[in-house]
Amino acid sequence: MKTVKRVGRQGEILFIKINKVPAGVTELPASKEGHIVGHSETGHHHVIDDKIGEVHHYASANPLLGYLSVDGASADVVHLRSFDTHETLRLGRGAWEIRRQREHTPEGWRQVAD
Amino acid sequence: MKIKKLTDQQIARMPEFRDRWLKIGLSTDPTDRPRAEAAIAAMYRAAGTAPPRKIVWCGSPLSQGLTRAVILDKRMWASVRASVGASVRASVGASVWASVGASVWASVGASVRASAGASVWASIWASVGDSVGDSVRASVWASVRASVGDSVGDSVGDSVQASVGDSAYGQHDAGWLAFYEFFRETCALNEQTEKLSGLTELAKSAGWALPHSGICWVSERHSLLVRNAGGRLHSLVGPAVRYPDGWKIYAVNGTRVPGEWIETPGFLTAKVALTHANIEQRRAGCEILGWAKVLTEINAVTVDADRDPEIGTLLRADLPDAPGSQFLKVHCPTGRDFCIPVPADCKRAREAWNWTWARDEAAKLPEVSA
């Protein structure tokens, strides 16, 4: 478990502490596995398991950017894979930007997929 | 009376259950059809449901999902209706997974929890259930589950993918079944675990099952399973998983890869590996070829190397139809190396790394990385 103060990275996702979640974003419901902050084609998602509704997850118009509001003391981002597992990150209370990694393509760029 | 502590004799039997269920979960033995069909009837009865009138055997979880989709998917049904006959579809009732599977697991879980203290539950789970589950569920089942959906086109993908969620996983349920069988056999929790007897017998005799009212599709076990020393699916010379109907899954150190990479000599080149869309598969491709060979084959030259290996090394190479391609070779905190395509005009590794995050060079670097 690693605690993030300002900027933390878990695989292809960055978590950046911000002052507040911007306006115009859309709140996303949690899935069975929790809030999927990093989707994996193979099911090895990066998730925040929030059973008591203390975490709010938002999508923006930019697929690379999402946001989190952690209303409780902290939220843990867990990588759902039992091997080559990215260590859990602990995010403190407040607003966070989720920034997903991209890669170059002949057409421009695409989000890194795993 | 609630079990608060395990005896030394009970603890000593944990490896026996772990080994027994690992063997069941990873079995490639032919299916025992009579035993499996009796198990299916018991599963239905445990849920208070009449056993199915028809049991349909399938060669793999994929053909099981496809066979159901032929009947239930409106588009597929339209194309086979004339030759199959409406009575077939009429005889297929709704999925009964919720009662045959989900509610049984929930009910048994609650009964056993009520009979065993939290520390007993945790220690048996850690020593028996979790260790079996990690080898069977996390390694084999997860790959089979993901491959079922990936093996079919978009037109029937949703129908077939839905079959995964509606299935009992037979031998791949080994982790939880080992856990409850330990309670049953060593702690005398017979009544509390009785409802699982059908699912337990299914696991000992067959693969996945897809229970519906009136009909149950059931799959053969895998006939081949190849794993590396760490227990992950792995074969560089053929499929890592094969089912009796010929369905195969290819994997390298736990990462599923296209079959051509393994089966077709010369198919996997440095270019194919480096330009593959999925970054985990791209890494696996480079590992199959060997990083040194990949970089030699494309005549990669180092443009810039950051002192932080997680920022990486900026490489430039003239690929056959993409001269001047650039890649950032980065070291991941999980200990593996990845290649990320970056724009040709990047001049420094840190510039390329920041580009991948759509951030400018003044942006703060992560203080923690995992």
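**Entry 1**

I began with β1(B) and strand β3 (residues 215-219) of chain B, which pair in the parallel sense over five bridges. The model is a predicted one, in which local features need pLDDT of at least 70, side-chain atom pairs count only at pLDDT 80 or more, and totals for chains, interfaces and linings use all residues. Residues are numbered from 1 along each chain as its sequence is written, while chains are lettered from A and ligands numbered from 1 in the order in which they are written.

I noted the terms. Two strands pair if DSSP finds at least two bridges between them. Strands (E, at least two residues) and helices (H or I, at least four) are DSSP runs, numbered from the N terminus.

I looked up one bridge: B:I55 has B:C216 as its partner in β3(B). Then I took in the whole sheet. It is open, has three strands in the order β1-β3-β2 (chain B), and its pairing is mixed. At the edges I found β1 (54-58) and β2 (209-212) of chain B, each pairing on one side only. From one strand to the next, the twist averages 10°. Axes here are lines fitted to C-alpha atoms, for helices over the stretch in contact, and angles run from 0 to 180 degrees between N-to-C directions.

**Entry 2: a four-stranded sheet in chain B**

I moved on to an open sheet of four strands, ordered β9-β10-β11-β12 (chain B), with antiparallel pairing. Why is one side of β9 (301-305) and of β12 (337-342) of chain B left without a neighbour in the sheet? Both stand at the edges and each has a single partner strand, so one side of each has no neighbour there. The twist in this sheet averages 30° from one strand to the next.

I checked β9(B) against strand β10 (residues 313-319) of chain B and counted four bridges in the antiparallel sense. Within this pair, B:D304 is bridged to B:L314 of β10(B). Helix α17 (residues 349-356) of chain B packs on the sheet and touches β9, β10, β11 (322-331) and β12 of chain B. Its direction makes about 85° with that of β11(B).

**Entry 3: chain B as a whole**

I listed 17 helices and 13 strands in chain B. Its C-alpha atoms fill a box of roughly 70 × 65 × 35 Å along the principal axes. The domain assignment, which is automatic or from a database, gives domain 1 (8-225) and domain 2 (270-356) of chain B. Their centres, taken over C-alpha atoms, are 42 Å apart.

Of the 370 residues in chain B, 45% are buried. A residue is buried if 20 or more other C-beta atoms, placed from the backbone, lie within 10 Å of its own, exposed if 12 or fewer, and partly exposed in between.

**Entry 4: two positive phi angles**

I noted first that most residues other than glycine have a negative phi. B:A188 is not a glycine, yet its phi is positive, about 60°. I found B:A188 in the loop between α10 (174-186) and α11 (190-193) of chain B. Is B:A188 buried or exposed? It counts as exposed, because it has 11 C-beta neighbours inside 10 Å.

B:N253 also has a positive phi, near 45°. Its loop runs between β7 (251-252) and β8 (255-256) of chain B. With 20 C-beta neighbours inside 10 Å, B:N253 counts as buried.

**Entry 5: where chain A meets chain B**

I counted 29 residues of chain A in contact with 29 residues of chain B. Contact means that the C-beta atoms of two residues, placed from the backbone, lie within 7 Å. On the chain A side, the elements giving two or more residues are β1 (2-4), β2 (7-10), β9 (89-100) and β10 (102-105) of chain A. By class, that side has eight nonpolar, 10 polar and 11 charged residues. Nonpolar covers Ala, Val, Leu, Ile, Met, Phe, Trp, Tyr, Cys and Pro; charged covers Asp, Glu, Lys and Arg; polar covers the others, Gly among them.

A:G8 has B:V368 as its bridge partner in β13(B).

**Entry 6: confidence**

Chain B has a mean of 90, and 94% of its residues reach 70 or more. Confidence in chain B is lowest in helix α6 (residues 86-90), at a mean of 62, and highest in helix α12 (residues 197-205), at 97. For the model I wrote down ipTM 0.95 and pTM 0.82.

Note on methods:
pLDDT = per-residue confidence, 0-100.
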